[in-house]
Amino acid sequence: MTVTTPKQQQQPVKKEATRDAYGQALLELGETNKNIVVLDADLAKSTTTLKFGKKFPERFFDMGVAEANMMNTAAGLATCGKIPFVSTFCIFATGRAWEQVRSTICYSGLNVKIAATHGGVAVGADGSSHQSIEDFALMSSIPTMTVIEPCDSIETRKAIKAVVDHQGPVYIRLGRSPSPVITEESTPFEIGKANVLREGKDVTIAACGIMVPNALKAAEDLSARGIEATVINLHTIKPLDRKTLVTYARRTGAVVTAEQHVLEGGLSSAVALALAREYPVPMEAVGIDNRFGQSGDPELLFKEYHLTPDDILQAALRAYGRK
Amino acid sequence: MNTRPTTQELQTKAKEIRRHIIRMLAKAGSGHPGGSLSATDLLVALYYGKLRHDPKNPKWTERDRFVLSKGHGCPALYAILAEMGYFPISELDTLRQFGSRLQGHPDMKRTPGIEISSGSLGHGLSAGAGMAMAARIDGLDYRVYVMLGDGEVEEGQVWEAAMAAGHYKLDNLCAILDNNGLQIDGPIHDVMSPLPLLEKWDAFGWHVIHIDGHNMAQILEAYDRAEAIKGKPTIIIAKTVKGKGVSFMENQVDWHGKAPTPEQAEKALAELV
């Protein structure tokens, strides 16, 4: 567990898409680690892997619109000591090619890194077909899989480096739209180790991805109402940092989760399981409740699907009230 | 291989492998005799007559790779790997049993000599293409062989892989199609015809070789010709007989996934002498 202080939420907040940080990280890591190879499925501009492809054409393969084949091609490369990064949109990586990930990559214990972009409804205008809100569930359910969603661009660069150093399959969810940069270069990142961004005695908010900035905003607003919240960045959905979670569940007596994912099988499910087993406290979950996404501006979609700071605040009040 | 065995020697070895298959499946009480027996000659010729490998060093970087994409044929592969010294022959008796290294379908983490786990059809050609691409990146001259079933090629992913291997001109990749003509629900042309095979693979940019998959001389020649083809991958479409070598199993769809009883096994072994 690490306690860090996030940047002050002064306006204007710097925004950067985590997918851009991914492309940049690959470029840097590809320089020093010659085992890194990158595969994309005709989305190399969108996922930003094209930067790597231009610099290292001999280690970049556009596999066309054929995700299942791409996934197992990566598996084959991994058996020969390569560290393949496989990129496409989250829904195609985890949905279209799920069984390839399960049966060939994970069952074989292969060192394949699935770095997919366009997670959640924040994709916006493309609508439901391109908005992945089930990917944590799909990937977390596979034995041995590691599942990560970084909270901002700075964390993404660190996460990609950690993913290269990690031995074994990893799914890392990245975002399309620019999102607030809330961590510092000095903020630590370790797979499976949560970062506590703010400490408060009354309620714990555990969030991942771009819900972390929303959680911080909710905590500020709660503070104005006299309720002090702890905010934990649970960037690793699996394996979950149960120790940090339970520590703060004990201290605060109430927990709220916040994720851009359906309520089944994602962060809230993982947190609920850990708390039920180790230290049950009142818990509320902010997430998408049994609905598909739709086209629209991300901000409007966050309101429609109850993912805003105010939704987190209301959930925190409910959890707090149940203590 | 320093010296290639004669076709006679290969035939004798194949008979031995078929006997292992019958014994293993009878002991296990389940498994897939039909597709194991149809693939046996192709696999014996590959392992004893072509593949560059070292049973004492299964992870040798420069070894040729073999992927059994039709993973249910693994009894044939296990028997060959055991005969070649990858693991003790006595272990063949543990097939499909709890705690065994010899799982019902190939498992690369448990079994020495297995290059990648398989069993879910349609995955292996993609993986083989990945291995072939790795060879290219590393400037190594190893070759990759992938065995497909003819029911398996109904999987869409096989054609995604065929397209990619053709596109990237992976001439170090050789697919071997065990064309026994039967799948679980019946003859392939009745269930879901993948025919014509030659024209399809040709259209995807592959060199196609047709052979009798039980003729050792033809098989060896096909492996050599495939190696000589440059600028495109090769597929060897091998006409085979499902259940080959056991008269009452030959061309019988019911022997796809059923183990022989002890009496049937005895009868089968009597034919394989």
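# Cores, cysteines and the A–B interface

Cys174(B) is buried, with a relative accessible area of 0%. The burial cut-off is under 20%, so Cys174(B) falls inside it. The model described here is predicted.

## Cysteines

How many disulfides are found over all chains? A search of the whole structure gives 0. Cys208(A) is in no disulfide, and its nearest cysteine sulfur, that of Cys151(A), lies 9.9 Å away.

## Nonpolar cores

The largest nonpolar core has 137 residues. Which residues have the most contacts inside this core? They are Tyr47(B), Phe66(B), Leu125(B), Leu173(B) and Trp201(B). Chain A takes part too: the core draws at least three residues from domain 1 (15–180) and at least three from domain 2 (192–321) of that chain. A second, separate core has 35 residues. Its members include Ile133(A), Cys151(A), Leu197(A) and Ala218(A).

Trp201(B) shows the packing in detail. Setting aside residues up to four places away in sequence, Trp201(B) touches Leu125(B), Leu148(B), Val153(B), Val158(B), Trp159(B), Ala162(B), Trp206(B), Val208(B), Ile235(B) and Ile237(B).

## Where the chains meet

Interface size is often expressed as the accessible area lost when the parts come together. Chain B and chain A bury about 2,000 Å² between them. Of this area, 59% is on carbon and sulfur atoms. In chain B, the residues that lose the most area to chain A are His123(B), Ile137(B) and Glu160(B). Together they make up 26% of what that side buries. By contacts, 25 residues of chain B meet 27 residues of chain A.

How many salt bridges are counted between chain B and chain A? The count is 1. The side chains of Lys82(A) and Asp138(B) meet in a salt bridge, at 2.5 Å from N to O.

## A buried serine

Ser179(A) sits in strand E9 (residues 179–180) of chain A. Is Ser179(A) buried or exposed? Ser179(A) counts as buried because its relative accessibility is 2%. Apart from neighbours within four places in sequence, Ser179(A) contacts Lys14(A), Lys15(A), Glu16(A), Ala17(A), Thr18(A) and Ile210(A).

## Backbone features

Thr48(A) is in the loop between helix H2 (44–47) and helix H3 (50–55) of chain A. His118(A) is in the loop between strand E6 (113–116) and helix H7 (135–140) of chain A.

Cis peptide bonds come next. The bond from Lys238(A) to Pro239(A) is cis, with omega near 0°. Pro239(A) lies in the loop between strand E13 (236–238) and helix H10 (242–252) of chain A. In chain B, the bond from Leu195(B) to Pro196(B) is cis, with omega near -5°. Where is Pro196(B)? Pro196(B) is in the loop between helix H6 (188–191) and helix H7 (197–203) of chain B.

Note on methods: Residues are numbered from 1 along each chain as its sequence is written. Chains are lettered from A and ligands numbered from 1 in the order in which they are written. This is a predicted model: local features need pLDDT of at least 70, side-chain atom pairs count only at pLDDT 80 or more; totals for chains, interfaces and linings use all residues. Side-chain values use heavy atoms; hydrogens and water are left out. A nonpolar core is a set of buried Ala, Val, Leu, Ile, Met, Phe, Trp, Tyr and Cys residues joined through side-chain atoms within 4.5 Å. Buried means under 20% relative accessible area, exposed over 50%, partly exposed in between (1.4 Å probe, protein chains only). Domain bounds come from an automatic or database domain assignment. Contact means heavy atoms within 4.5 Å. Helices (H or I, at least four residues) and strands (E, at least two) are DSSP runs, numbered from the N terminus. A disulfide is a pair of cysteine sulfur atoms within 2.5 Å. Buried area is the accessible area (1.4 Å probe) that two parts lose on being put together, summed over both. A salt bridge is a side-chain nitrogen of Lys or Arg within 4 Å of a carboxyl oxygen of Asp or Glu.
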